[in-house]
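Colleague: I have a model open and want to learn how to read it. Can we go feature by feature?

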Amino acid sequence: MRIVIAGGHGQIALRLERLLAARGDEAAGIVRRAEQSDDLRAAGAEPIVLDLESASVEEVAERLRGADAAVFAAGAGPGSGAGRKDTVDKGAAVLFADAAVRAGVRRHVVVSAMGADAGHAGDEVFDVYLRAKGEADDHVRAQEALDWTILRPGSLTDEPGTGQVRLEASTGRGSVTRDDVATVLAELVDTPATAGLTLELVAGSTPVSVAVKSVAGN
């Protein structure tokens, strides 16, 4: 498979690229800066230099054509202000979904956030973030041309992955390692039977492959 990942230099994306390359898939990551390219190559991925905050739908679609799946893993990051929550966490996610539709790439996996909700109240930056992610998720879910799966991890940690998770429509609050998020993403990309599901993810006791098969109904 060829999988194109938005936010290709992110901590989860780099882990995902390594996993995809190791299993023989062709991973490509969209990055904002050319100097990030070497890190992607080291992870076994092809770098695509493109700024999703300024690119057109057609420019993104051109990079997506021929892919078997698209993964949105971009984010403005914890140090960014409210404005970039709107331009990246919402705007880039909407752009990427629209470009996937235009490019004819049906399989679409989104890294969202637990608590994402377009109707979330509050004026703090994190409140804006949850609204932005919720609005983006709503847009993706409205695209009939996409076989989408939305993944909403709990609090992210850099502890080594365990390979064991809890993956359900609603898990309740919790944390999960970035390693395990990447492992789940790799399984989801390869499991189109999870299309149409919005899933929460935290640490648990179920092996990733079993957890994904369970939500897929297998």
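Colleague: Which backbone oxygen does the side chain of T194 reach?

Modeller: This is a predicted model, so take the distances as computed from it. The side chain of T194 reaches the backbone oxygen of T191, at 2.8 Å.

Colleague: Where is T194 found?

Modeller: T194 is in the loop between α6 and β10 (197–203).

Colleague: Is T194 buried or exposed?

Modeller: Look at the relative accessible area. Under 20% counts as buried. T194 has 0%, so T194 is buried.

Colleague: What does T194 touch, beyond residues up to four places away in sequence?

Modeller: T194 touches R107, W148, T149, L188, V212, V215 and A216.

Colleague: R107 is on that list. Where is R107 found?

Modeller: In strand β5, residues 107–111.

Colleague: Is R107 buried or exposed?

Modeller: Buried, with a relative accessible area of 6%.

Colleague: Which backbone oxygens lie by the side chain of R107?

Modeller: Take them in turn. The side chain of R107 reaches the backbone oxygen of D147 at 2.8 Å. The backbone oxygen of L188 is 2.7 Å from a polar atom of the R107 side chain.

Colleague: What else is in contact with R107, leaving aside neighbours within four places in sequence?

Modeller: The list includes D68, A69 and A70. W148 and T149 are also among the contacts.

Colleague: How far apart are R107 and L146, in sequence and in space?

Modeller: Compare the two separations. R107 and L146 are 39 residues apart in sequence. Their C-alpha atoms are 6.1 Å apart.

Colleague: What about V101 and A145? How far apart are they?

Modeller: They are 44 residues apart in sequence and 6.0 Å apart in space, C-alpha to C-alpha. V101 is in helix α4, residues 82–103. Not counting residues up to four places away, V101 touches Q143, A145 and L146.

Colleague: How does V101 count for accessibility?

Modeller: V101 counts as partly exposed, at 31% relative accessibility.

Colleague: Now helices. How do I check the length of one?

Modeller: Compare the end-to-end distance with the expected span. Helix α1, residues 11–22, has twelve residues. From first C-alpha to last, α1 reaches 17 Å, close to the 16 Å expected at 1.5 Å a residue.

Colleague: And what span should helix α5 have?

Modeller: Helix α5 covers residues 125–141. Its 17 residues should span 24 Å at 1.5 Å a residue. The end C-alpha atoms are 24 Å apart, which agrees.

Colleague: Which residues of α1 are buried?

Modeller: First the general idea. An α-helix has 3.6 residues a turn, so residues three or four places apart point the same way. Now the case here. The buried residues of α1 are I12, A13, L14, R15, L16, E17 and L20.

Colleague: What covers the buried residues of α1?

Modeller: The cover includes strands β1 (2–6), β2 (26–31), β4 (69–72) and β7 (155–157). Helices α2 (37–42) and α6 (178–189) are included too.

Colleague: What follows α1?

Modeller: α1 is followed by G24, whose phi is positive, near 95°.

Colleague: Which residues of α5 are buried, and what covers them?

Modeller: Among the buried residues of α5 are D127, Y129, K133 and V140. The cover includes β4, α4, β5 and β6 (147–153).

Colleague: How do I describe two packed helices?

Modeller: Two packed helices are described by the angle between their axes and the distance between the axes. α1 and α6 pack at about 50°, with axes 8 Å apart. They are therefore oblique to each other. α1 passes α6 in a right-handed crossing. The contact involves residues including I12, R15 and L19 of α1 and D179, A182 and L185 of α6.

Colleague: What polar contact does the side chain of R15 make?

Modeller: The R15 side chain makes a polar contact with the side chain of D179, at 2.7 Å. Beyond residues up to four places away in sequence, R15 touches D158, R178, D179 and A182.

Colleague: At what angle do α6 and α7 cross?

Modeller: Roughly 45°, and their axes come within 10 Å. Helix α7 covers residues 208–215. α6 and α7 are therefore oblique to each other. Their crossing is right-handed.

Colleague: Which residues meet there?

Modeller: T183, V184, E187 and L188 in α6 meet V208, S209 and V212 in α7. L188 and V212 are also among the residues that T194 touches.

Conventions
Residues numbered from 1 in each chain as written. Predicted model: local features only at pLDDT ≥ 70, side-chain atom pairs only at ≥ 80, totals over all residues. Heavy atoms only, no water. Helix = DSSP H or I, 4+ residues; strand = E, 2+ residues; numbered from the N terminus. Expected span 1.5 Å × (residues − 1). Buried < 20%, exposed > 50% of the residue type's maximum accessible area, 1.4 Å probe, protein only. Contact = heavy atoms within 4.5 Å. Polar contact = N/O pair within 3.5 Å; in protein donor to acceptor, adjacent residues only side chain to side chain. Axes fitted to C-alpha atoms, helices over the stretch in contact; angles between N-to-C directions. Parallel < 35°, antiparallel > 145°, perpendicular 65-115°, else oblique. Left-handed = near helix turned anticlockwise from the far one by under 90°.
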